[in-house]
Amino acid sequence: MKILNVVGARPNFMKMAPLVRCLRDRGIEQKLVHTGQHYDANLSKVFFDDLEMPEPDVFLGVGAGSPTAQIARIMLAFEEVCAAERPDLVVVVGDVNSTLACSLVGAKALIPVAHVEAGLRSFDMRMPEEGNRVVVDRLSELLFTHSQDANENLLREGIAREKLHLVGNIMIDSLANHLERTDASPILDELCLEPGRYGVVTLHRPSNVDVPETLLGIMAALHDIAEEVPLVFSCHPRTAKQLKGLAGYQALAGRGDLRLLPPLGYLDFLRLYSNSRLVLTDSGGLQEETTYLGIDCVTLRENTERPITIDEGTNRLAGTKPAQIVAAARACSGLRDGSYTPPALWDGKTAQRIVDVLERWAVQR
């Protein structure tokens, strides 16, 4: 069995690293393809280093562009890779443009596709990721899910049950594997932060940062919260750019203890949020990671494709209106009594279960 593993954006790296490691340990032939969708060193190279991932075997270097242009460039470049490598399987993770593009190429070339993190649904087609998820799942032969609700979504859409494999959350593999290594990170000392006495913020979704009124409202709420608890904002380049030209933002800048930082490496950021009192975010991955760690999370969105983080985890869906965000943050206790249990199969062993399935599939096909 020869596998092409595809990554393109920062969320992909945390999901692919445990799988690459497990495939290597089992002696399965694989090559890592990086599309270059995230090409900034702070969004790409530092994560490879922190996650101890090998250098990509193939780097497509597609860079920035409109979603359609980016997907088209990835497809053309990846088609050449597939023709040269002739893999038995293409493995994609998550829901970014690279995931969609390489799944389409695999389907057209009659190469089976495996989708890790299948079945997530926000039921909001205005989200770019939602369309990607639906199409990739339809094209995939092997669908690896992280919770029972994802299986139910896929069954309702007519996906054959035998294609579904409930394996758990592979993001948690990376977190569990690297949590102890964060002790070496100096980030808390550098920022003069005490564990449990601050909050962490991330914000990057176009629906939040590209609409000036929405972004200004969210920032107003964050500054209100920062008057009660210090906040550290790891600021995505897209968000930083929008803040620079945001009318009315300067009037907020002096309120509360809100510090803006550039994007952090995986270990520094894990150290930062794993010791925080609460996290405010529009990230899907952070909803899951805080759920695993038992840390309060306030999600700055109107919906989530990860309802398990609300039903069984520590997540609150606050929307984007300032009053609701502030109220949700104030409702967070910040207390961890040791009795919390993460969702089933979120145990750091998901990559092993995926490779077990792949080995059986290779024998049976």
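Reader: Between which helix and which strand is the loop that holds arginine 86?

Author: In this predicted model, local features need pLDDT of at least 70 and side-chain atom pairs pLDDT 80 or more, while totals for chains, interfaces and linings use all residues. Residues are numbered from 1 along each chain as its sequence is written, and side-chain values use heavy atoms, leaving out hydrogens and water. With helices (DSSP H or I, at least four residues) and strands (E, at least two) numbered from the N terminus, the loop of arginine 86 lies between helix H3 (67-85) and strand S4 (89-93).

Reader: Is arginine 86 buried or exposed?

Author: Arginine 86 is a residue other than glycine with a positive phi, near 50°. Buried means under 20% relative accessible area, exposed over 50%, and partly exposed in between (1.4 Å probe, protein chains only). Because its relative accessibility is 68%, arginine 86 counts as exposed.

Reader: Why does leucine 345 count as partly exposed?

Author: Leucine 345 is found in the loop between H15 and helix H16 (350-364), where its phi, near 70°, is positive in a residue other than glycine. It counts as partly exposed because its relative accessibility is 31%.

Reader: Which residues does aspartate 124 touch, not counting those up to four places away in sequence?

Author: Aspartate 124 sits in the loop that runs between strand S5 (113-116) and helix H5 (128-139), and with a relative accessible area of 11% this aspartate is buried. Taking contact as heavy atoms within 4.5 Å, and setting aside residues up to four places away in sequence, the residues that aspartate 124 touches are Glu130 and Asn303.

Reader: How many of the 16 residues of H1 are buried?

Author: The buried residues of H1 include Phe13, Met14, Met16 and Leu19, and among them are also Lys15 and Arg21. H1 is therefore described as mostly covered, the number of buried residues among its 16 being twelve.
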